[in-house]
Amino acid sequence: MKYCVIYFTLFFLSKFCYSQKPVIDEAILDSWTSVGSGAITNDGLYFSYIINNKNSEKSVLVVKGIKEKSEKRFVGVSSSKFTENSKQLLFTRHDSLYIISLKNFDSHVIPQIKYFNLINYDNTQCIFYNNSQDEFIIFQPLKKNIKYCFKGVIKYWLSKDGSQLALLINEDNPASDSKERLYIVKTKKNEFTKVWEGAGLNDVVFTSKNDYFLYVKGERNCIYSFEEGMKEPVLLIDDKSLDIFNLYTIIGIQEKHSSSQYLFVNLQDKDTIKPLIGSVMLDIYSYNDIKNQSVQLMELGPKRYLGVVDVKNKTIKLLNSNNESVNISGDNKWVLTRYIPGDIFEHHWNIYSQPICYLENILTGSKKRLNISREVDFSPGNRYLFGFDSTLSDIYSYNLNTEILTNITKKLPIPIIDSTYDYPTNKRGISVIGWFPQDSALLISDRFDIWLLDPVGKSDPICLTKHVGRNNNIFFKVIGIERVGQFLLDVKRPLILGAFNNETKENGFYSVRIKNLTSFRQLSMGKYTYESENIILGKYIFVKSSNNKSYLVLRGSTTESPNYYYTNDFNHFLKVSNISPEKNCNWLTSKLIIWTNYEGETLKGVLYFPENFDSTKTYPIIFHFYEKMSDELYKFQQPGYTHGLLNIPWFVSHGYLVFTPDINYKMGYPGKSSLSSIESAANYLSRYSWIDTSRMGLQGHSFSGFETNYIITHTKRFSAAVAGSGMSDFISDYNSLLGGGESRQEFAEVSQNRIGATLWERQDLYIENSPILKANQVCTPLLLMNNKKDGIVPFFQGMEMYLSLRRLNKKVWLLQYDNEGHHVLDEENSKDYTLRINQFFDFYLKDSLPPKWMKYGVPAKLKGIDLGVQKLKD
């Protein structure tokens, strides 16, 4: 490790000559800052955000008024909470609780705090905290600083309306095993009543009527019930009171659906079968197993179930059995059971792996099989079941009163197959967004537009986005949803839509009013991103005040770190944070490149340049790819170490151009498709004098790791290649297993590997897409990274490629990190991986001196002693 630290420093110090600004290195990353969680008060007048730092002691909480120029900063704070009345801000620093007045920023400090939370107590938001003396204190700062102090509190539970508080107390010693007592505090009357004592109390569940149930874990696993007027809780059920518990034991209460009438309890197998002493231990794989033996072995152990207790009659009914999952309707009248005895990875051919759904009436016990089976759920108003057919092409509603099943997307005027979905199976690309009050309408999206559906199916679907999405290649996403429970709330308020233009790669916002469908309009579009991760699928950072007039959005771009902006119309944005660590290093810019592949198809990709780019010089270039990445044109690429996919800022900062080309796939030919896209891109970029065509590299991970292996077996164009966690042999991969014991056959037949047929139906395609069969044609030096604990792509896929090339006396290296899986996640390991990729490309693309590990390797006996990263002398 000593060699690694010394060389890491020397290696990157030498890089400062590239520009006046330093390159991204370990020191830069250790000091990198970014904005963290943001919040805005309910009245919309104040906001806060965290400045994240790798050292949490240096994280900063920033608080500011929207209309004020000055701000308040608190160092060493990583989270905070505004009170509901918008008058105070709370946070902990070290062991103290700070209560900050937003009016004048005066602070009230409570020392020696272990934990705090904001709770609604006696119709007032209060601070509930635990101090170092193991006292739990309820503090009501808005009621003349009233305090209630309870000693020895182990756990607490609060009723939904805040009128009752349950406190589990050990008054003698909270850490001892002595007798515990449960007290119920009625907040309005300040009554403090002991209702139970003993040991093992695990949970308290309040009903909507403020009755409650107690779950006591122990020899009998008891559940007690308490109703208004009782002096103490009474035993409802335990493991020994009912016949059902000969097989099952109680492990808890399901709070979500429990009521004064029905109690839903979590159960578990009481005993598991143990092997006979001295018996032969073997696994028997049989062709008629519903679920493959390898999956069964991973699923061994007690199974969990759900039971429902009729509180009045003290009877219990088991709602599901093995291989069944259940969902309860919001009114507790219906049970939806989903039965899948087989392995879900075999759903495309194994009839036992295809879900079957049943609907059962809890009161009558009547049960029927449904004709919908995919993503089935209850509507929030409990009037309908809704879900997809087996092909995910249409959405159906099932009226729970009339028992009528209706295809409510039958009239949806969009293709039955989503043209942007490039896997072997067909998919329409529609998804459910949510419901309107009283289950009056359903909101859905296709790949492009937003639609309003009639759950009865009588009215035609209404396109809220006026077909602008599909007609203009814009993807819309609802982000401004107002809810009451699970309903979409006020239909008079506009829905805010996130918009992504797939042609220009710009992001922005539109709005539409449900009551006035002519009001659909663009609010803003620009060369930004408004979300934290993936452009299309990522979550929008979208914080709003309760008055629905003030919003914080997190906006970034290629050249600007994400920062918070204040807006009240999604057209004008006021920057309220100013974090820009990228200005302190040699950062990057981006450009959209458009070219055609060998099949004449138009493709897009993003070319990343260093900030100090000089068109009079020539640069080595790395082609880094994973399916389609051009959507990230305006995304801020977070710097860091390479865990799998190449960290773009790191390598651009170190003097490389990085190009991320999109790949268009032809079914059955994923390897050839990637070759056509990547090599044609290389040909196109060769027209630029500042690209050194003799110094082109490849880097891919996982599926693009396979594509890297394929490309170098079919072209001599590239001077160096790095393939991480990639496949090399589609034939052996086809019959390999995932980490959970599941077969990988699905990947080839219907998923990402895109063969679309079994090994015996199209043996030619498996041969065509197996790089090792053409390993003799490789001329490109290859660095492989495959790990033994990879539960997605088996380690032997990398070993096959390595052994083939080694036998052929080709230049190849294989990195295997202990205790790493599909990605290199440990920081020290990812530092090492980044360094070795950098050294590898520097040697072949920049004529740098090789490190020891590349020229001589590292003997196994020196593993963990000599990392071999020191650069050799001439």
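In this predicted model, the side chains of E503 and K604 meet in a salt bridge, with 3.2 Å between N and O. E503 lies in the loop between β40 (495-501) and β41 (507-512), while K604 belongs to strand β48 (residues 602-610), so the pair ties together parts that are 101 residues apart in sequence. The two partners can also be described by their accessibility. E503 has 41% relative accessibility and therefore counts as partly exposed. K604, at 14% relative accessibility, counts as buried, because the limit for a buried residue is under 20% relative accessible area.

Salt bridges that share partners also occur, and they join K179, R181, K194 and E197 into one network. The count for the structure comes to 29 salt bridges.

Two further pairs involve helix α12. One of these is the salt bridge between K831 and E26, whose closest N and O atoms are 2.4 Å apart. K831 is part of helix α12 (residues 827-846) and E26 is part of helix α2 (residues 26-30), so this pair ties together parts that are 805 residues apart in sequence. With a relative accessibility of 8%, K831 counts as buried. E26, at 24% relative accessibility, counts as partly exposed.

The other pair is K54 and E827, whose side chains meet in a salt bridge of 2.5 Å, taken from N to O. Here K54 lies in the loop between β2 (46-53) and β3 (60-65), whereas E827 lies in helix α12, so the pair ties together parts that are 773 residues apart in sequence. K54 is partly exposed, its relative accessible area being 44%. E827 likewise counts as partly exposed, at 34% relative accessibility.

A charged residue need not have such a partner, and D449 illustrates this point. D449 is found in the loop between β34 (442-445) and β35 (450-453). This residue is buried yet has no salt bridge. The nearest side chain of opposite charge is that of R470, 4.8 Å away, and a salt bridge requires the nitrogen and the carboxyl oxygen to be within 4 Å. A polar atom of the D449 side chain does, however, lie 2.8 Å from the backbone nitrogen of G469. Leaving aside neighbours within four places in sequence, D449 is in contact with I444, C463, T465, H467, V468, G469, R470 and F476.

Another aspartate, D692, has its place in strand β51 (residues 691-701). Its relative accessibility is 18%, so D692 counts as buried. The side chains of D692 and S694 are joined by a polar contact of 2.6 Å. When residues up to four places away in sequence are not counted, D692 touches T618, Y619 and P620.

V280, L282 and I284 make a nonpolar surface patch of about 340 Å². One of these residues, L282, is found in the loop between β22 (262-269) and α3 (293-298). At 56% relative accessibility, L282 counts as exposed, because the term applies to residues over 50%.

Note on methods: Residues numbered from 1 in each chain as written. Predicted model: local features only at pLDDT ≥ 70, side-chain atom pairs only at ≥ 80, totals over all residues. Heavy atoms only, no water. Helix = DSSP H or I, 4+ residues; strand = E, 2+ residues; numbered from the N terminus. Buried < 20%, exposed > 50% of the residue type's maximum accessible area, 1.4 Å probe, protein only. Polar contact = N/O pair within 3.5 Å; in protein donor to acceptor, adjacent residues only side chain to side chain. Contact = heavy atoms within 4.5 Å. Patch = residues over 30% accessible without salt bridge, like charges linked within 9 Å, V, L, I, M, F, W, Y side chains within 5 Å. Areas by Shrake-Rupley, 256 points an atom, 1.4 Å probe, with all protein chains shown as cover. Lys, Arg positive; Asp, Glu negative; His and termini not counted.
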